[in-house]
Amino acid sequence: MTKYRTVLTSAALTLVVLIAWSTNGQIAATPVRSILSNDGSISGAVRFPDDYPEREKITTTKDQAVCGAFQYSESFVVSEENHGLKNVVVTVEGAEGKVKAGQAAAILDQNKCQYTPHVQAVPVGTKLEILNNDGLLHNVHAYFDGLDPKNTVFNKAQPKFLKKITQTLDKAGMYFFKCDVHDHMSAYIAVMDHPYYAVTDETGRFAISNLPAGTYKVKAWHEVLGSLEKTVIVESGKAADANFDILPN
Amino acid sequence: MIGKIVLGLLALFSLQAVAATGGGQDEDWTGTPQMEFMNSEIVTLYQCTSCHTIGERGGTVGPILNQVGTRRDKEWLRRWISDPQEVKPGTKMPKFDFTPEQLEATVDYLANMKTELHTDQILAKKVPMAEMGQALFEDYGCVACHRFGSEGRFVAPDLTWIGVRKTEDWEKTWLSAPEAFKPGTFMPNFHIPAKGVEALAAFLHTQKGQHNDASQQWEFRTNFFLGNTDKERGELVFRRFGCWSCHGESAVGKIRNPNMAPDETMPGLRKATNKYTQEQFSERLNQVFYPTALDESMPKPPFYCPDYGKYMDKSELGDLYAYLKSFAPKKSKWKFK
Ligand SMILES: [Cu+2]
């Protein structure tokens with residue numbers, strides 16, 4: 001009988017450090033709100049200096065026909081153009097506002113043994129559609145608040161014929177997804193109980209609008225870098241800047 | 001099946017090398033319940049073999065399933081397959097949405113995947129206890145979950161060095177009824193007769209690394225996702241020597257040691273490198289540390305920290321230190337300003 005090995009080598013596989021997500025948003029500075037309107041905004045970018053990390057390669061030797069011979073790590077996706085860092089979750093702490101109910105479903109696609117998007121932020125109560133068009137088994141192991149077996153929210157098999165699983169994200173905080181079949185697969189979903197948040201794009205930029213004037217703590221969170229807060233003053237009808245620079249440690 | 005039994009008996013009578021990964025290399029599985037399951041709709045559609053080895057094929061994430069029917073009854077299997085998280089919270093085994101028919105079919109396939117045990121024959125043999133124990137170890141297929149020498153899986157602690165870290169008395173207690181010592185443990189109760197328990201404990205207690213196979217280490221690392229940095233080699237040492245059976249999976253601690261001061265739990269080691277320099281650490285590992293009893297009038301805590309350092313070379317000690325150091329608050333190369 002032919003013996004095949006389903007083995008995944010991943011010399012470069014570094015266990016992602018899950019930095020605890022502070023679920024309690026209210027920080028010292030309470031926003032002083034304008035009675036007028038929610039027409040302030042905050043925008044900015046998260047950027048590396050000239051010398052920035054390259055994307056790491058992770059070797060795969062399991063299900064290579066679908067997963068490919070290697071995968072690029074998604075922990076540091078940096079723009080060549082402006083050194084902006086993708087996948088940073090930026091939130092305005094201590095802002096009040098209702099999350100929009102009845103929104104469209106969020107998507108977590110398992111595509112060639114990689115989750116897309118790698119990081120997203122959605123309102124609490126969002127229905128999540130988990131897709132699998134890979135034609136092989138993935139298991140969707142979701143954790144809340146850090147990668148620890150005891151933090152498991154659910155762990156569902158998604159066999160090759162099951163194209164979609166739906167799951168409601170009903171707690172505000174950080175969800176983490178991992179496949180135990182393909183150890184390198186990981187994704188984050190920040191579930192928000194207010195509407196003032198964004199995830200940085202390919203160029204590391206973000207914008208948060210419809211904010212009442214006030215003084216806010218703005219928090220940037222990244223899966224490897226952890227989080228940092230800045231105080232930002234938002235004036236009515238104006239765009240305030242919040243830039244986060246990354247430096248060698 | 002016949003082939004399997006013949007091979008099983010051959011292995012048994014020669015009382016040699018301990019069980020291979022669920023069967024010999026050239027074993028013929030044609031027509032066995034294992035092959036039946038392998039070719040069933042359940043495995044072809046749901047791909048249990050992504051994580052489990054059945055026959056000789058499959059993944060290394062979960063236990064080898066060839067003998068699962070020998071150690072688990074239908075009721076347990078039904079509970080497990082219906083909702084693994086209920087039985088073992090946090091397990092990597094996912095829940096499959098089976099119809100009641102599929103569930104029953106799976107349970108039947110699994111319960112049928114057994115091998116005949118030869119307990120009585122083995123216990124009747126006039127051989128030293130440890131030798132008898134080795135035959136039982138093989139017969140029960142303990143390497144389905146445990147790593148031993150170059151065989152087995154990492155679902156349970158590596159037993160290659162078990163004789164250094166646990167007392168024979170405790171091993172007997174454990175083997176007679178694992179769930180009595182640790183409620184909720186994933187280790188099944190094999191209902192081993194008393195003499196068998198004696199024999200197995202005698203065998204395990206002689207395991208002080210003589211089956212350690214350094215030449216297998218590379219294959220081993222790739223099987224378990226480990227690279228070749230100091231830290232990753234250190235993780236391997238941590239697993240191989242079974243530090244994790246007392247200091248917890250990835251050194252988090254929280255494992256019970258009855259009557260140990262102050263709170264009956266063994267320490268995690270994630271901050272050990274703050275407390276001990278590399279030299280102090282190596283020195284510490286060269287001697288046995290018996291913990292203080294909480295109540296002197298009660299039986300002593302069963303677990304002590306073994307003198308593993310004596311069995312390690314310098315590079316292993318260094319790698320182990322690097323592994324533990326990797327848990328100290330990390331300095332990423334980059335930080336937010
Ligand atoms: Cu997967």
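How much area is buried between domain 2 of chain B and domain 3 of chain B, and what share of that area do carbon and sulfur atoms give? In this predicted model, the area buried between the two domains is about 1,500 Å², and carbon and sulfur atoms give 65% of it. Chain B as a whole is divided into domain 1 (2-111), domain 2 (119-205) and domain 3 (228-325). The C-alpha centres of domain 2 and domain 3 of chain B lie 23 Å apart, and the contact takes 14 residues from domain 2 of chain B and 15 residues from domain 3 of chain B. On the domain 2 side, the residues that lose the most area to domain 3 of chain B are Trp161(B), Val164(B) and Arg165(B), which together make up 42% of what that side buries.

In chain A, 21 residues of domain 1 are in contact with 25 residues of domain 2. About 2,100 Å² is buried between these two domains of chain A, with carbon and sulfur atoms giving 67% of that area.

Helix packing in chain B comes next. Helix α5 (residues 74-82) of chain B packs against helix α7 (residues 100-112) of chain B at an angle of about 130 degrees, and their axes are 9 Å apart. The two helices α5(B) and α7(B) are therefore oblique to each other, and α5(B) passes α7(B) in a right-handed crossing. From α5(B), Lys74(B), Leu77(B), Arg78(B), Ile81(B) and Ser82(B) meet a set of α7(B) residues made up of Leu103(B), Glu104(B), Thr106(B), Val107(B), Asp108(B), Leu110(B) and Ala111(B). Sorted by class, this contact of α5(B) with α7(B) has six nonpolar, two polar and four charged residues.

A further helix pair in chain B joins helix α11 (residues 168-176) and helix α13 (residues 194-205), whose axes come within 9 Å and cross at roughly 135 degrees. It follows that α11(B) and α13(B) are therefore oblique to each other; the crossing of α11(B) past α13(B) is right-handed. In α11(B), the residues involved are Glu168(B), Glu171(B), Lys172(B), Leu175(B) and Ser176(B), and they meet Val197(B), Glu198(B), Leu200(B), Ala201(B), Ala202(B), Leu204(B) and His205(B) in α13(B). By class, the contact of α11(B) with α13(B) has six nonpolar, two polar and four charged residues.

Definitions and conventions
Residues are numbered from 1 along each chain as its sequence is written. Chains are lettered from A and ligands numbered from 1 in the order in which they are written. This is a predicted model: local features need pLDDT of at least 70, side-chain atom pairs count only at pLDDT 80 or more; totals for chains, interfaces and linings use all residues. Side-chain values use heavy atoms; hydrogens and water are left out. Axes are lines fitted to C-alpha atoms, for helices over the stretch in contact, and angles run from 0 to 180 degrees between N-to-C directions. Helices (H or I, at least four residues) and strands (E, at least two) are DSSP runs, numbered from the N terminus. Angles under 35 degrees count as roughly parallel, over 145 as roughly antiparallel, 65 to 115 as roughly perpendicular and the rest as oblique. A crossing is left-handed if the near helix is turned anticlockwise from the far one by less than a right angle, and right-handed if clockwise. Contact means heavy atoms within 4.5 Å. Ala, Val, Leu, Ile, Met, Phe, Trp, Tyr, Cys and Pro count as nonpolar, Asp, Glu, Lys and Arg as charged, and the others, Gly among them, as polar. Buried area is the accessible area (1.4 Å probe) that two parts lose on being put together, summed over both. Domain bounds come from an automatic or database domain assignment.
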